[in-house]
Amino acid sequence: MAAFGLSSHNEARSDERLASVIEKGEYLARAGDCVACHTSPEGKVFAGGLAMPTPFGTLYTSNITPDVETGIGSWTSDDFYRTMHEGRFPDGGLIYPAMPFASYTKVSREDSDAIFAYLRTIAPVTQQNREHDLDFPYNNRSLILGWRTLFFEQGSFKPDQSKSDEWNRGAYLVEGLGHCGMCHTPINALGGNSEADAFKGGLIPMQNWYAPSLTSNKEAGLGDWSIDDITDLLQKGISHRGAVYGPMADVVYNSLQYLNDADTRAMAVYLKSIAQDSPKPATSRLPHAESSLLLSLGKSVYDRECAVCHGANGQGEPPHYPPLAGNQSIQMDSAVNAIRMVLNGGFPPGTFGNPMPYGMPPFSITLSDDEVAAVVSYIRTSWGNSGAPISAAEANRLRSAPLQ
């Protein structure tokens with residue numbers, strides 16, 4: 001009887017450990033935003049099939065449910081870790097770098113095993129992976145070897161001993177599971193990026209949204225933000241300094257709002273530390289006479305359409321109506337995001353901390369290209385803002401940008 005009681009006790013402890021690992025894995029899968037790519041619209045969770053347009057053709061994400069035939073039900077934890085760490089399938093096949101294995105290679109084996117344990121508990125879905133539709137010669141997987149030679153360095157996260165544990169935790173999340181560099185590091189013509197350009201911002205291919213630099217205080221650099229404002233932006237999607245829209249709203253909705261306070265603060269500490277001095281103010285590309293006319297028209301459009309929410313002097317009513325005066329996202333060299341917000345409007349994500357967000361209406365129907373250019377130019381150059389005016393042609397080019 002004693003032996004039986006000891007066995008039951010050990011089994012209970014083993015079950016508790018497994019449950020703890022699975023719970024941790026679910027949390028880490030949220031931190032990695034796995035659901036965003038591996039779930040298609042109207043599709044089953046983690047069953048894949050999401051179309052990912054690229055300059056090289058369309059990729060389709062894979063089924064990572066524990067279905068034995070079409071998912072990862074036959075994989076081992078070693079197989080899963082190899083995928084995360086090396087960017088290879090269990091049979092050694094090369095994975096296209098749309099999967100951020102260049103970031104996931106920094107994920108620890110313990111965390112990888114926890115994510116795998118969690119994925120094994122979700123409902124299996126029988127759904128065949130769809131073949132990629134890539135242009136020649138990019139449909140030749142062997143070319144990935146060249147890409148890997150140029151842009152992939154397999155390795156693990158190495159803590160900076162000169163920094164605090166909190167800073168290193170933030171770096172691990174931002175550089176690894178969070179794979180923030182996938183959007184916030186400029187991508188070259190080969191679909192790769194350079195470590196020297198890490199987090200310096202760039203246009204997201206095929207989406208026509210600009211992921212601002214996290215290292216420049218002129219863009220999204222958070223060097224002069226308080227830790228509280230940064231954590232609010234990450235967890236709630238809004239803060240007294242600004243709000244998230246576009247692809248970043250999806251990241252907050254699917255991932256960041258679920259992080260605990262300690263991890264959110266760690267990310268904030270790390271992000272604040274990598275911000276650098278601001279570059280020189282932007283200079284106008286438009287003739288002075290044209291700029292003057294734009295600004296005159298822009299003020300009238302702003303007073304009529306925008307001032308009711310954002311204030312006569314751009315002060316806003318934070319956190320729900322972001323300030324425009326002194327807003328870094330308004331003044332960046334790239335005006336893409338500002339133009340798209342005027343054209344398409346948008347909402348911050350609905351989060352636990354902000355379940356009923358205030359949105360901005362679209363003005364693409366009611367404003368002409370000249371009026372859009374005028375009001376964006378006015379906002380970018382008023383109240384001490386140092387952005388440059390834009391042209392009507394720039395506004396027109398973004399009218400056809402995809403909304404998703």
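Trainee: How many strands form the open sheet, and in what order?
Mentor: Three strands, in the order β1-β2-β3, with antiparallel pairing. A word on the source: this is a predicted model, where local features need pLDDT of at least 70, side-chain atom pairs count only at pLDDT 80 or more, and totals for chains, interfaces and linings use all residues. Residues are numbered from 1 along each chain as its sequence is written, and side-chain values use heavy atoms, with hydrogens and water left out.

Trainee: What makes β1 and β3 edge strands?
Mentor: Each of them, β1 and β3 (133-134), pairs on one side only. Strands here are DSSP runs of E with at least two residues, helices are runs of H or I with at least four, and both are numbered from the N terminus.

Trainee: How do you know that β1 and β2 pair?
Mentor: Two strands pair if DSSP finds at least two bridges between them. Strand β1 (residues 51-54) and strand β2 (residues 57-60) have four bridges, in the antiparallel sense. For instance, Pro 53 has Thr 58 of β2 as its bridge partner. The two strands form a hairpin, with two residues between them.

Trainee: And what links β2 with β3?
Mentor: Two bridges, again antiparallel. Thr 58 turns up here too, with Asp 133 as its bridge partner in β3.

Trainee: Why is Phe 199 called buried?
Mentor: Its relative accessibility is 9%, so Phe 199 counts as buried. The cut-offs are under 20% relative accessible area for buried, over 50% for exposed and partly exposed in between, using a 1.4 Å probe and protein chains only.

Trainee: Where is Phe 199, and what does this residue touch?
Mentor: Phe 199 lies in the loop between α8 (181-184) and β4 (202-204). Leaving out residues up to four places away in sequence, Phe 199 touches residues including Val 174, Cys 180, Leu 214, Tyr 270 and Ile 274. Contact means heavy atoms within 4.5 Å.

Trainee: Why is α15 called oblique to α16?
Mentor: Helix α15 (residues 336-344) and helix α16 (residues 369-381) pack at about 130°, with axes 10 Å apart. That angle makes α15 oblique to α16: under 35 degrees is roughly parallel, over 145 roughly antiparallel, 65 to 115 roughly perpendicular, and the rest oblique.

Trainee: Which residues make that contact?
Mentor: Ala 338, Ile 339, Val 342 and Leu 343 come from α15, and Val 372, Val 375 and Val 376 from α16.

Definitions and conventions. Axes are lines fitted to C-alpha atoms, for helices over the stretch in contact, and angles run from 0 to 180 degrees between N-to-C directions.
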